[in-house]
Structure formats: structure tokens, C-alpha cells
Amino acid sequence: MSVHRFPVQLRFGDQDPNGHINNVAFIQFLEEARVQLGLLPLPAGTGGPGSFRDLTGDRTATYVARQEVEYRAPLLHRREPVWVDVWVTRIGSSSLSYGFRLTDEDSGTVYAYAEAAMVQVEAATGKPTPLTDEQRQVLQGWLGEPVPFRAAVAAGQGS
């Protein structure tokens, strides 16, 4: 499984009145990891040079179709960043899903697991458009296990 890892700095404004990082901030952390992944330089032979984002240019946009977050432990405001692991869990015809794990740098505490279903659309029309062969090749390299949500693990569907 190809997991990419990004640090996200917590901000004072991310916390709620109880001192916990607000659930809305978690969604922003997922977005930041997705953007960072899309901007990584691609290895030679997988659509490079450039990034995943460069494979589409301005002709398409990617929209969030669905997000699910399972909170595992309270995240309190601190100076150290939270780390977001991101990988691809599914590749469809015009869609894909990312899996996420929010954790400490040493992976000792998992604060949340999440998944985001994305759909690629034509920028001009907003209609779904198929992923290209180059995009599929890159996404295949990022493909990993399903997100280990508690219900899926209990049902024998996750790791």
C-alpha cells in the first residue's frame, strides 16, 4: 500500500470551547492532505514530470461527493502538528476515494479515520468525466487497503 504522509499544523482557532480540535477542522485537514498529495511530483513513467493535478490542467475539477469521519480519540490543541496519512481506496470510471488516518508523528495515537469520495467533472459543464489512463496509472500506485472503520472491521470487511 502506498501511503503518503503530511503534517498539518494546528491553529488556535481550530479548537472548540472544550479545548478539543473541532470536528470541522478535521475536514479541513483532509482537504489539505488531498491537495498536498495532488501537488506531489510524479515519478518518471507515471505521468511525470509534474503532479497529479497537472494531468488534468484546467479542463476538469474534482468535487467531494461524500465524506465519512470516524473519530477515535480527542485531539487537543498543541504546538506539534497532526499527521495525515492518505491513500486511494477505490478507483471508479470518473470517481475515486481517498482513505485517511489522522495520527501523531509516531503513529501512537489515531485520532480519526476518514474516507472521501471524489468525482471528476468537466470544469465547463459540471458533468462527470472519465479519469484518463495517466490518472489511473498514478492512482493505481497510490491504491491501498479499505479504511478500517469500526463497523467494517466488525463485519470482516476491513483490516
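What share of the contacts in the protein with a separation of 6 or more comes from residues 24 or more positions apart? The figure is 67%, where contact means heavy atoms within 4.5 Å. This is a predicted model, in which local features need pLDDT of at least 70 and side-chain atom pairs count only at pLDDT 80 or more, while totals for chains, interfaces and linings use all residues. Residues are numbered from 1 along each chain as its sequence is written, and side-chain values use heavy atoms, with hydrogens and water left out.

**Figure 1. Overall fold of the protein.**
The secondary structure comes to 3 helices and 5 strands. Helices (H or I, at least four residues) and strands (E, at least two) are DSSP runs, numbered from the N terminus. Read from the N terminus, the order is β-α-β-β-β-β-α-α. The C-alpha trace spans about 45 × 35 × 30 Å along its principal axes. Buried residues make up 42% of the 159. Buried means under 20% relative accessible area, exposed over 50%, and partly exposed in between (1.4 Å probe, protein chains only). The accessible surface comes to about 8,500 Å², and 52% of it belongs to carbon and sulfur atoms. Accessible areas come from the Shrake-Rupley method with a 1.4 Å probe; for residues, only the protein chains shown count as cover.

**Figure 2. Helix α1 and its cover.**
Helix α1 takes in residues 23-39, 17 residues in total. From first C-alpha to last it reaches 25 Å, close to the 24 Å expected at 1.5 Å a residue. The expected span is 1.5 Å times one less than the number of residues. Asn 22 caps the N-terminal end of α1, with a side-chain oxygen 2.9 Å from the backbone nitrogen of Val 24. Buried residues of α1 are Ala 25, Phe 26, Phe 29, Leu 30, Ala 33, Arg 34, Leu 37 and Gly 38. An α-helix has 3.6 residues a turn, so residues three or four places apart point the same way. The cover over the buried residues of α1 includes β1 (4-8), β2 (60-71), β3 (82-91), β4 (95-103) and β5 (110-122).

**Figure 3. Salt bridges.**
The whole structure holds 6 salt bridges. A salt bridge is a side-chain nitrogen of Lys or Arg within 4 Å of a carboxyl oxygen of Asp or Glu. Arg 11 pairs with Asp 14 at 2.8 Å, N to O. Arg 11 is partly exposed at 48% relative accessible area, whereas Asp 14 is buried at 3%. Arg 78 pairs with Asp 104 at 2.7 Å, N to O. This pair links distant parts of the chain: Arg 78 is in the loop between β2 and β3, and Asp 104 is in the loop between β4 and β5, 26 residues apart. Both count as buried, Arg 78 at 17% and Asp 104 at 15%.

**Figure 4. The network around Asp 85.**
The side chains of Arg 101 and Asp 85 form a salt bridge at 2.7 Å, N to O. Arg 101 lies in strand β4 and Asp 85 in strand β3, so the pair ties together parts 16 residues apart in sequence. Salt bridges with shared partners join Arg 5, Asp 85 and Arg 101 into one network. Asp 85 is buried, at 4% relative accessibility.

Gln 120 is in strand β5 and is buried, at 3% relative accessible area. Its side chain reaches the backbone oxygen of Pro 130 at 3.1 Å. Not counting residues up to four places away in sequence, Gln 120 touches residues including Thr 60, Ser 94, Lys 127 and Leu 131. Thr 56 lies in the loop between α1 and β2 and is buried at 13%. Leaving aside neighbours within four places in sequence, Thr 56 is in contact with Gln 120 and Gln 135. Thr 56 and Leu 131 are 75 residues apart in sequence and 9.2 Å apart in space, C-alpha to C-alpha.

**Figure 5. Backbone at Ser 107.**
Ser 107 is in the loop between β4 and β5. Its phi is near 65°, a positive value in a residue other than glycine. Most residues other than glycine have a negative phi. Ser 107 is partly exposed, at 28% relative accessibility.

Terms used. A polar contact is a pair of N or O atoms within 3.5 Å; within protein, one must be able to donate a hydrogen and the other to accept it, and residues adjacent in sequence count only if both atoms are side-chain atoms.
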